[in-house]
Amino acid sequence: MPPEPTGAACRILICMERPTVGSGTTTEVRSLAYLHRVGVDRVRWLGGKRAASLCEKGIESVTDLLFHIPRSYVDRSQIMRLDEVEEGVETTVIGRVLRVSVRRPRRRLVIVEALIGNDTGSLKAIWFNQEYQARRLDRGAEVALSGKIERYRGRLQITSPAVDILATGRENLAVGRVVPVYRAVGDATPAYLRLGLHNALKRSRPIADPLPIAIREGHELIDRDRAVNAVHFPEHIAEVGPARRRLIFDEFFRLEVALAMTKQRKMAGSVGITHRTGAGFGLVEKFIAGLPFRLTGAQQRVIDEISEDLARPYPMHRLLQGEVGSGKTVVAVATVLTGVQGGYQAAVMAPTEVLAEQHYEGVCRLLADSSMAARPQGSVSLFDIPAEQSNGSGLLVALLTGNHAEVNVRRRGTTRREELLERIADGSIDVLIGTHALIQEGVRFRRLGVAVVDEQHRFGVHQRVKLKDKAEGVDPDLLIMTATPIPRTLSMTLYGDLDVSEVDEMPPGRKPVRTRSWSMDGPGLEKAQETIRREVASGHQAFVVCPLVEGSARVEAASAVAEYGRLREVFPELSLGLLHGQLPPSRKEAVMDSFRRGETDVLVATTVIEVGIDVPNATVMLIRDADRFGMSQLHQLRGRVGRGPDLSQCILLADPTTKDGARRLEAMVKHADGFRLAEEDLRIRGHGTVFGARQSGFSDLRIADILRDRRELIAARREAFSLVEEDPGLDMHPEIREEVRVLLGERVEWLFRS
């Protein structure tokens with residue numbers, strides 16, 4: 001590899017002392033990592049103000065510029081004859097601006113007319129109330145006009161066409177070719193970008209190709225130098241497809257190599273536990289056999305996958321996805337019991353006290369249902385299990401949250417919390433369920449072997465690491481759970497360093513929730529309130545969810561406090577409760593207990609009830625200003641109902657002010673499957689936004705699309721993981737190593753430290 005360019009060398013690499021466009025070329029092979037160190041301000045036509053504008057938008061280097069891919073192409077290789085165009089048909093014609101004029105025949109009407117011509121004739125282009133077009137159309141500029149051509153008073157005319165400026169009168173790009181059309185970036189117009197890229201390519205090529213020949217040939221990929229050139233300046237339009245496919249593969253491949261190295265590094269630097277699994281270690285078998293229902297095929301498959309992981313001598317890192325109500329808790333209990341039956345402790349961490357308490361109650365209920373008799377013992381629950389698994393003491397399950405830290409009930413000279421911490425430290429607590437309180441100082445495990453993190457997107461990476469660090473001397477097996485579905489292709493990139501399991505089958509008898517979207521004004525609101533009144537009269541309960549806790553002068557959206565006051569007047573005969581995150585923990589617990597016991601008919605809340613609330617008697621979920629919620633939030637909120645034997649409904653009240661908001665509501669009404677909704681959400685928001693959900697994620701994809709390019713993603717992942725398995729440190733592939741390190745930046749730098 002050539003040495004890193006610095007100072008004047010940077011300028012020489014691209015500008016060669018600011019040559020004219022098209023003069024000379026380099027013969028030395030340049031890698032993308034090398035070009036990534038060359039500032040975009042060194043590219044002729046993009047220096048100074050325009051380069052600064054590009055840098056503000058994230059295009060800071062020559063490599064960044066090369067990956068600013070055209071949004072479309074205009075084929076000038078075959079110039080359409082204006083004397084042969086078909087009238088009334090959508091057409092693209094190319095010509096030069098011969099004349100531009102602006103008329104104002106009456107008030108509030110501006111007409112821009114331009115005469116466009118080429119060697120085969122001319123036509124008039126006309127725009128109404130688009131005066132800016134006159135400022136764009138310099139005389140002599142070459143343009144592509146798209147629209148329907150008609151004949152007016154014997155002359156060809158095109159009205160309100162779309163315009164692409166192909167070349168200004170000062171440009172010197174060849175005619176008779178396929179022309180790339182770029183999106184403008186700051187002060188850099190499409191024309192200037194085209195010139196800058198033309199110059200950058202001239203000074204950057206040939207571009208090195210680090211991808212092994214076997215991979216290229218196996219997937220019929222063209223070489224990188226040809227791909228980069230063809231995606232910008234193809235000789236024929238047919239070259240664009242293979243060029244884009246190669247660059248898409250490269251983008252996925254870099255990311256998957258980093259993920260494979262992350263997984264390899266975790267395995268290589270860890271001390272795992274070989275848990276006892278299979279026949280003869282009957283705690284898990286006893287639990288499953290004693291359940292009053294049969295596991296779904298998906299639950300059994302995932303339990304088997306996890307069991308295989310736990311039997312291996314290196315730590316499990318597995319992501320468990322599943323719909324609300326799909327039975328992930330059963331899988332989690334089977335996982336922790338595998339650790340317990342081998343003499344280890346297990347921890348389950350949830351993001352909120354409400355969810356932690358719900359997990360505690362759910363785990364205890366499942367153990368009791370599986371014929372493990374429960375006997376409360378102070379602040380813990382004791383379950384009778386076979387003596388060979390319990391050392392005669394039984395299975396102890398405990399709850400630890402921040403709220404418990406406030407309890408100061410003296411018993412034998414110590415607080416309940418201090419007693420609990422002592423029992424965790426001496427190993428007598430087998431399963432500890434709680435919030436982030438589990439990772440606070442003072443919480444010590446004797447033998448932590450399995451850690452389960454629920455609703456992982458609400459925890460930072462460092463919090464998960466802290467939980468693992470509670471196991472001294474070993475790395476516990478980690479199961480990360482989420483009820484927020486992630487598209488399968490996204491999980492390959494966002495969580496590619498984890499093994500992924502999906503509980504993609506609902507238990508039999510689970511009834512779908514009917515979803516409707518109504519306007520907030522007038523009939524919609526009245527119908528929603530009547531639905532609540534009718535359901536409560538039938539003995540059921542309802543949720544009303546608002547986006548805000550209290551009203552805001554800057555945001556026009558329903559607040560929980562105001563809605564609670566309004567509904568008390570609408571439903572004077574009903575019992576209402578108010579729940580939001582600003583209430584003291586004791587008050588929140590009292591409100592939820594009242595709703596669970598059926599003493600409260602309608603619970604008005606914020607998204608504090610998004611996860612962890614299980615009230616089978618609730619059959620209505622009413623969401624105010626529903627367009628202000630994200631798709632995953634709406635799906636989670638809908639999952640709070642439909643948990644009992646009765647038909648349930650979700651009512652979305654909204655008057656969307658954006659197209660995206662309207663599309664989200666339409667998707668919610670149309671789809672019940674969370675994975676399908678996740679894909680729709682990805683289409684609406686784009687993968688760049690979704691990638692931000694993971695704090696340890698990598699740079700956004702610039703060319704590839706994880707939904708559209710699924711085939712390339714799968715192929716790139718397979719090749720990347722195979723390569724890293726054979727060459728963990730990429731010592732035999734230094735070019736790939738350097739490209740991943742430089743292009744993905746500081747977020748992967750730790751992978752390359754010795």
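Trp127 is buried, with a relative accessible area of 0% (buried means under 20% relative accessible area, exposed over 50% and partly exposed in between, using a 1.4 Å probe and protein chains only). Please keep in mind that this is a predicted model, where local features need pLDDT of at least 70 and side-chain atom pairs count only at pLDDT 80 or more, while totals for chains, interfaces and linings use all residues. Residues are numbered from 1 along each chain as its sequence is written, and side-chain values use heavy atoms, with hydrogens and water left out.

**Around Trp127**

- Leaving aside residues up to four places away in sequence, Trp127 touches Val110, Ile111, Val112, Ala114, Gln133, Leu137, Leu145, Ser160, Pro161 and Val163 (contact means heavy atoms within 4.5 Å).
- Ile158 is 31 residues from Trp127 along the chain, and their C-alpha atoms are separated by 8.9 Å.

**Helix α3**

- In α3 (residues 49-56), the buried residues are Ala51, Ser53 and Leu54.
- Viewed down the axis of α3, these buried residues fall within an arc of 160°, so they line one face of the helix; the arc is that of the directions from the helix axis to the C-beta atoms.
- Lys49 and Glu56 are exposed on the other side of α3.
- Helix α6 (190-204) is included in what covers the buried residues of α3.

**Where α12 meets α13**

- Helices α12 (residues 328-340) and α13 (residues 353-369) pack at an angle of about 75°, and their axes are 10 Å apart; axes are lines fitted to C-alpha atoms, for helices over the stretch in contact, and angles run from 0 to 180 degrees between N-to-C directions.
- That angle makes α12 roughly perpendicular to α13 (65 to 115 degrees counts as roughly perpendicular).
- From α12, Thr329, Val330, Val333 and Leu337 meet His359, Val363, Leu366 and Leu367 of α13.

**The chain overall**

- The chain has 26 helices and 23 strands.
- Of its 754 residues, 54% are buried.
- Among contacts in the chain with a separation of 6 or more, 73% come from residues 24 or more positions apart.

Notes. Helix = DSSP H or I, 4+ residues; strand = E, 2+ residues; numbered from the N terminus. Parallel < 35°, antiparallel > 145°, perpendicular 65-115°, else oblique.
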